[in-house]
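Subject: Structure for your review

Dear colleague,

Please find below the structure that I am handing over to you.

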Amino acid sequence: MTPPRLPRALLRLAAPAHDRAVIVGDLDEEFRARAARSSTGARAWYWRQAAASVPPALGLRVRRAAPFGDLSGDLRVALRTLRRQPGFAAAAILTMALGAGMTTGVVSIVEAVLIRPLPYANESRVFVVYESDGVRRGGGFSWADYVDLSSLRSFSALAAFNGGSRTLTGFGAAERLPAAYVTPRFLAVLGVSPALGRDFGAADGVRGAPSVVILSDRAWRRRFNADPAVVGRTVTLSGEASTIIGVLPASFIFPPRADPELWMPLRPSPQQESRPYLHFIDVLGVLAPGVTPAMAADELRTRGRQWQTAAKWHETTSLRTTSMRDEMVGSVTPTLYVLLGASVLVLLTAAANVAGLVLVRAAARTREVAVRSALGATRFRLARQLLVEATCLGAAGSALGLLLGAWGLATFAAAMPQRLRAGLPHADQLAVSPRAAALGALLTIAALAAASLWPAFRAARSSAPLVTGARATSSRADARVRGVLVASQVALALVLLAGAVLVGRSVLNLSRVSPGFAIDGLVSGRVSLPPARYGSGEAMVTVVDRLLDAARAVPGVSGAEVINQLPLTGRGNTGDFAIVGRDSTPPSDPLIRDVTPGYFALMGTPLVEGRPLRPSDRKGSQRVVVVNRSLARFYFPNGGALGQRIVFGFFDGKPEWTIVGVVGDEQFDSLDRPMVPVVYFPFAQDPDDSFSLVVRAAAPDAAIAPLRGAVTSVDPDLPLYGISTLSRMAADSRAMFLRAIVTRLLLWFAIAALALAGVGIYGILAETIAARTREIGLRVALGATRAGIVRLVMRAGLAPAGIGLAAGAVIAAVASPAIRSLLYGVSPLDPSSLAAVLAVIAVVSLLACAIPVRRALRVPVATALRQD
Amino acid sequence: MGRGGYLGEFEQVVLLAVARLDDEAYGMRIREEIETRAGRRASIGAVYATLERLVGKGYARETDLPGGSERSGLARRFYAVTPAGRTALEDARDLQARMWSGLKLKTDRRKP
């Protein structure tokens, strides 16, 4: 006996999926029990039951489907609703993903670089001490300065360090490894112990003691296969047998020296010890118990004043201190804050945009919400349903944003020049941090929830449409809110675009700055001569001649020269001199460089007067120097530099050097710095054991491999390292890279924000026209001109755009100091840049108006009047 | 009062039926219990609609178990009273008891 089919099918249709089986099953079961007694009675009973059950089953369906039930019900409804509006869902998710991705990525960088603790037990108490002449930092301390500083009571211990590199030989190919030289208590001052072996002891810092080395974790893994038995082994470093005494922990980083792989004791030479003006070390110290940074700064100020009167080379010295963290990240902090600010702006723009979308949708859903409200949904339940939808969108948006953030971060890390990466804490381990991801998701969902609250609040009051049968349109209040949203998007887009244009112009200005030489086609690599084999000046000069011959023989190479420190790589050695025949020489701390004779011709540095250096300027002949234009102007403002004799304090016997030529200025420091005085010595008269080989080649990148071979052909134990074209070095410099990356990011975000704002304006106009079709038709019927209609419609879109532009200009002006540090050759309020930005946004706003306006003009009068 | 708030009269009836049936409390039995004990007509749809509200208020919980051939293999949904449901039932009973305590109903005396 089977239950009657029709009522059973009706009941199945009415009941929600969740309850269908159990309801029908119960009726079937009882039907069979009753049918055993009376089949006709059972059938009648079944019909009655089914008929009486359909309405409550329908109610149950509404409740299960509607936001009156449990959260999972809400979730189901939300997902179904969003699936039905894929366009809206995609737009909202993509928009929020953009904001969340940007925020996640930037916060991850900020967390790694500015927040994550440095791996030093004494992190908060380690401070760097430095000299400053008030404008810029000086070039470190002399040994005598360091000894004097150790009597400071603010620091319980001081340590000195500097850097260099060593060639590891006897292990396959010779390799140049970056090295740091540190006083024995260096690691103890930081609060770091080796992971293997021992720390340096006082005896290791004594001149003549056996050479010892502590390996970085990376060197240990890469060169020694992480062999724990490496401690006690002897390796050859630049020809010197050195015992490995320890390995540093994997977590250890030291960005101020770009993470060296070899750590060796700093043993000052007799010259370094005896010359108080030879500045070659940096100093850090750990604060004594109970001493605050301010107290240490006070004591240093006092000591600096004592120094000023004590020695000529300290006339302008003032002593300062800064935390380890600031020492490492001070130069990039403003950039990171700009990016952080930009990411917040993008997130706000995205939130404003999605809020606009939600509003449009809420207007369209007024009726649906009213029905639910009439069926007994409470205000809370309705709000909850909308919030659940917002959370769904937010979760999807932030998940996609997480991917975007990870991708952006990987792209950023890959684009980051090695030098910059090595100089920043944790920059080589950039990855989306869980905290940043959580923050991105939280901000996204919060922004969306806030954007949904207004419609939810509005929905709760909207029973009117059901009663009046009104069509779904947005209210005046909605229109106002959307106007505000579009205005704020325009304002944010303006701020982002203004930032992008200003920083972009700085990049352009910088790329136009001449470094003082013809940069294209130049390739350079570094060579360091091991003192064991090339101890004497003669040996250095001889090997340099052979290296130059080998390099010039490389096909495609049109010239090769040597300089001890290349342009664009930093200030390096400096030294003051006295002019023979003058009572006093104003200090200017000129840069000191050693070059081979053809250097100026190779670089394309113009000869201003006199003669360049010649191969005949060798040891034994007259001591000569060439100076740059800045130096000639500074010391000899009325001309007459040629033939002047100068004396440097750091040469034994204080010989006189005659100025034989003046050349154009070359930029040795960052491109955004002013040119400074330089003295060029003939390499043969002042040889150096470490120098850059510079080559001009028709195809610079193709010349790198043969160049390497040319150097090894002279001496197989001489690696050519740090090879790069000079153009790449300029593009990778901190000055260029940070600005270029900020420009690119700001531009992307500005374009995104602008597109969003444009869509917002378009939406408002389209809505306005839809709502006022009848009015427009009436006006046309009554003789309104096309221009009149255009004005009427455009006002709706251009009013918020105009307000946004004004507000954005004000915000940009107020925020401009934030990007000042990134600007070069352009003022933060540069009128032409801001005018261009305003014009671009105005054009985009007009374009966004164009389509709806065309539609308004084509409204057929009859249709408009017939509407409704 | 529990988190579900007010317990309606029919809700009380259904919840009491669930409590009485103990292990046997599934849709068909609950409906029969209401008809036989309360003498009330009840459609199976109305019973489920009420049970859904009771579950939503946290007064009852449901478990689906597979059914046999006697019901075309369709699942049975068993209900049990939660501790909150028990409290709500007791509260309702106490409330009635307090309101009835010492009360004698008089007939309505209207002035002519």
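In chain A, strand 4 (residues 196-197) and strand 7 (residues 240-247) pair in the antiparallel sense over 2 bridges. Strands pair here if DSSP finds at least two bridges between them; helices (H or I, at least four residues) and strands (E, at least two) are DSSP runs, numbered from the N terminus. Within this pairing, Gly197(A) is placed opposite Gly246(A) of strand 7.

Before I continue, please note that this is a predicted model, in which local features need pLDDT of at least 70 and side-chain atom pairs count only at pLDDT 80 or more, while totals for chains, interfaces and linings use all residues. Residues are numbered from 1 along each chain as its sequence is written, and chains are lettered from A and ligands numbered from 1 in the order in which they are written.

Strand 7 of chain A also pairs with strand 5 (residues 212-215) of chain A, in the parallel sense and over 4 bridges; there, Leu215(A) stands opposite Val247(A). With strand 6 (residues 234-237) of chain A, strand 7 pairs in the antiparallel sense over 4 bridges, and Thr234(A) faces Thr243(A) across that pairing. Strands 6 and 7 of chain A form a hairpin with 2 residues between the strands, in which Ser238(A) takes a positive phi near 50 degrees.

Turning to chain B, helix 4 (residues 83-100) has 18 residues and at 1.5 Å a residue should span 26 Å, which agrees with the 26 Å between its end C-alpha atoms. The expected span is 1.5 Å times one less than the number of residues. Gly85(B), Ala88(B) and Leu89(B) of this helix are buried (20 or more other C-beta atoms within 10 Å of the residue's own, with C-beta atoms placed from the backbone; exposed means 12 or fewer, and partly exposed lies in between). Seen down the helix axis, the buried residues of helix 4 fall within an arc of 100 degrees, so they line one face of the helix; the arc is that of the directions from the axis to the C-beta atoms. On the other side, the exposed residues include Pro83(B), Glu90(B) and Arg98(B). Just after helix 4 of chain B, Gly102(B) has a positive phi of about 70 degrees.

Finally, 19 residues of chain B are in contact with 23 residues of chain A, contact meaning that C-beta atoms, placed from the backbone, lie within 7 Å. Helix 3 of chain B gives the largest share of its side, 7 residues.

Yours sincerely

Note on methods. Two residues are in contact if their C-beta atoms, placed from the backbone, lie within 7 Å.
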